Amino acid sequence: MRCVHIPPLYDEAEDRPRELELTEIHFVRTPSPRERSAALASRHRFNPRNLLLAPGVPEADLRLSLNSLRLPPSPTDLRTSPSLQSGDDFIDKSRAAIAAYLAKVPNYVADETGERYETPAAPLDWRRTDSVSSEVRFDGNRETRENILLDDRPWAEPFVMLPGFKWRGGFAETLRALFDPSRPVRFTFSQSIIYHGKRARVYAFSAPKDGLGAWQSGYQGFYPAYEGKVTITEDDLTAVRVETKAKEFPPDFPISSVENAITWDWVIAGSSRELLPVAGELLLVNANERRAFLVRLDYRNHRHFQASSSIRFDK
């Protein structure tokens with residue numbers, strides 16, 4: 001397969017720029033059963049716009065049927081296994097409570113402000129780059145930004161076409177993936193704490209490569225390994241803070257590590273009380289450029305799509 005670099009072209013369906021154009025593709029050989037098993041188990045395989053979907057196979061060829069695949073296991077095989085259950089009753093109850101929350105979380109709009117910083121790898125010298133503010137709309141797993149201001153100046157192009165380091169919220173998807181029992185995420189109890197006046201439990205977690213979300217840098221994408229911790233309140237079994245670190249990227253990948261922290265709180269949006277994200281931080285280390293990038297996020301004035309009332313925090 002051969003590609004050439006092109007000027008960034010905005011892909012509205014994927015909400016990201018495209019930087020490569022396919023010029024040539026040659027069939028090399030038929031994949032081995034193990035290679036095919038690994039490809040079909042990869043998270044990239046389930047991207048609805050993946051152009052490398054496996055072709056259909058005759059019904060008689062049961063070994064290669066997706067419904068009855070019986071090939072040698074792959075290191076990235078992510079099928080549900082009893083061994084992936086936490087064995088912790090509190091976590092299992094939290095899964096159910098968080099799934100119920102995600103099923104009814106409303107579509108909403110918030111005013112987002114991101115302060116961007118960067119520093120060389122050595123010596124560290126953090127400097128503020130700029131401020132990006134927008135009206136961000138969360139519609140299920142999709143987020144869109146409008147009325148974008150870059151240092152208070154209007155930005156007419158899509159958010160992903162901004163210069164410099166960009167971010168995505170992905171708040172609902174973060175919880176959905178982390179507490180999905182089919183994902184290979186392992187939880188370990190860490191400590192009990194008081195969080196904003198409530199009793200809460202902190203759990204450390206880890207997931208292998210290809211287990212959770214992907215990171216994109218230009219035209220390259222990778223599903224790294226993850227570790228982190230999650231804070232869950234005891235009374236309503238809700239996740240109020242998630243801290244993650246993406247790691248074990250390939251040596252030649254532009255990103256070497258990403259740390260992310262998301263905080264949720266109960267807010268009044270319109271006439272209802274909702275658990276919604278209120279703050280976030282993201283630290284990305286770019287090994288190729290030997291630079292680190294930081295964004296500090298603040299979310300205010302949450303409202304339903306039809307509402308226009310302002311946010312206030314419960315006392």
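This is a predicted model: local features need pLDDT of at least 70, side-chain atom pairs count only at pLDDT 80 or more; totals for chains, interfaces and linings use all residues.
Reader: Are H2 and H3 roughly parallel or roughly antiparallel?
Author: Helix H2 spans residues 89–104, and helix H3 spans residues 171–178. Their axes come within 10 Å and cross at roughly 150 degrees. Angles over 145 degrees count as roughly antiparallel. H2 is therefore, relative to H3, roughly antiparallel.

Reader: How many nonpolar residues does the contact of H2 with H3 have?
Author: H2 brings Arg 95, Ile 98, Tyr 101 and Leu 102. H3 meets them with Ala 172, Leu 175, Arg 176 and Leu 178. By class, the contact has no polar residues and 2 charged ones; the nonpolar count is 6.

Reader: Which residue in the turn between E13 and E14 has a positive phi?
Author: Strand E13 (residues 255–269) runs antiparallel to strand E14 (residues 272–286), joined by 14 bridges. Within this pairing, Thr 263 has Ala 279 in E14 as its bridge partner. The hairpin has 2 residues between the strands. The turn residue with a positive phi, about 70 degrees, is Gly 270.

Reader: Which residue takes a positive phi in the hairpin of E14 and E15?
Author: E14 and strand E15 (residues 291–304) run antiparallel, with 8 bridges. Val 285 stands opposite Ala 292 in E15. This hairpin has 4 residues between its strands. Its positive phi, near 55 degrees, belongs to Arg 290.

Notes:
Residues are numbered from 1 along each chain as its sequence is written. Side-chain values use heavy atoms; hydrogens and water are left out. Axes are lines fitted to C-alpha atoms, for helices over the stretch in contact, and angles run from 0 to 180 degrees between N-to-C directions. Angles under 35 degrees count as roughly parallel, over 145 as roughly antiparallel, 65 to 115 as roughly perpendicular and the rest as oblique. Contact means heavy atoms within 4.5 Å. Ala, Val, Leu, Ile, Met, Phe, Trp, Tyr, Cys and Pro count as nonpolar, Asp, Glu, Lys and Arg as charged, and the others, Gly among them, as polar. Two strands pair if DSSP finds at least two bridges between them.
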